[in-house]
Amino acid sequence: MSIATLAARQSKLIRKALDAVVFAAPTSAAAVTAITTGAGAALVTLPTEYHSLGHHTEDDGVNWTREVDTADVRSHGSAEPTRRDITSDVTGLVVLAQETKLQTMEMFHNIDLSTVTPDATTSEIAFNRSSQPATRYYRLLALAQDGAGTDTIYFARFCPRASITEFADQPWTKGDEIRWPLTFTAYVDDDLGYSIREMWGGPGIAALVDDMGFGA
């Protein structure tokens, strides 16, 4: 018997995010509990409160981060910890939005722009950044697609309660477009009881669930 036989490798289970988009909604919006519906496993229609952040940079894509802290117990005579407990497990999402619009500007500046209107004469848009910023929370849905047609697979992560926790530099240069760097941290929603919900679906998933280890 060879290593190849023992390994049971399955290249059909290698996924890529060929396309992806991030949606945001106020925390009052309904939670996203599924991304597909019906016998054809078509994408669901999101509640109207969810709005797309639009284009983001291709090389960076949608980047998920995870920071885990632990507390170790050391025992006399042992060269390694004899007990390790996870004390913190924080997930984040980083996206470099490329579209200059109310939503991305609002998130980047961490202010409410819903009442800002263009000047009646010049159409100029102007607003002030708050001297006493408050933490703003959102529902986030990052949705990606792999494959096409009957082989299409959708995968997503839903954060029911997330806030922007890092404000990166924003260069204004001749060579690059203006980007709106957004770094979110996911928190546990008190009502739903979780910080991240992961979902996989689409027309192509039915033929793969057994190979993925999720068979009945």
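What share of the contacts in the protein chain between residues at least 6 apart in sequence join residues at least 24 apart? The share is 66%, where a contact means heavy atoms within 4.5 Å. This is a predicted model: local features need pLDDT of at least 70, side-chain atom pairs count only at pLDDT 80 or more, and totals for chains, interfaces and linings use all residues. Residues are numbered from 1 along each chain as its sequence is written, and side-chain values use heavy atoms, with hydrogens and water left out.

**Overall build**

- The protein chain has three helices and 10 strands. Both are DSSP runs, numbered from the N terminus: helices are H or I with at least four residues, strands are E with at least two.
- From the N terminus, the order of elements is α-β-β-β-β-β-β-α-β-β-β-β-α.
- The C-alpha trace spans about 80 × 60 × 45 Å along its principal axes.
- Of the 216 residues, 31% count as buried. Buried means under 20% relative accessible area, exposed over 50%, and partly exposed in between (1.4 Å probe, protein chains only).

**Helix 2**

- Helix 2 covers residues 102-109. Seven of its eight residues are buried, so the rest of the structure largely encloses this helix.
- Gln 103, Thr 104, Met 105, Glu 106, Met 107, Phe 108 and His 109 are the buried ones.
- These buried residues pack against several strands, including strand 1 (19-26), strand 6 (83-97) and strand 8 (153-166).

**Aromatic pairs**

- Rings of Phe, Tyr and Trp (its six-membered ring) pair if their centres lie within 6.5 Å; planes under 30 degrees apart are stacked, over 60 edge-to-face, and the rest tilted. This rule gives four aromatic pairs.
- In one of them, the ring centres of Tyr 137 and Tyr 187 are 6.0 Å apart and the planes stand at 75°, so the pair is edge-to-face.
- Tyr 137 lies in strand 7, and Tyr 187 lies in the loop between strand 9 and strand 10 (197-201), 50 residues apart.
- Tyr 137 is partly exposed, at 30% relative accessibility. Tyr 187 is partly exposed too, at 31%.
- Tyr 138 and Phe 184 also pair edge-to-face, with 6.4 Å between centres and 90° between planes.
- Tyr 138 sits in strand 7 and Phe 184 in strand 9, 46 residues apart.
- Tyr 138 is buried at 6%, and Phe 184 is buried at 2%.

**Charges over rings**

- A charge sits over a ring if NZ of Lys or CZ of Arg is within 6 Å of the ring centre and within 35 degrees of the ring normal.
- The charged end of Arg 161 sits over the ring of Tyr 137, 3.7 Å from its centre.
- Arg 157 has its charged end over the ring of Trp 64, 5.1 Å from the centre.
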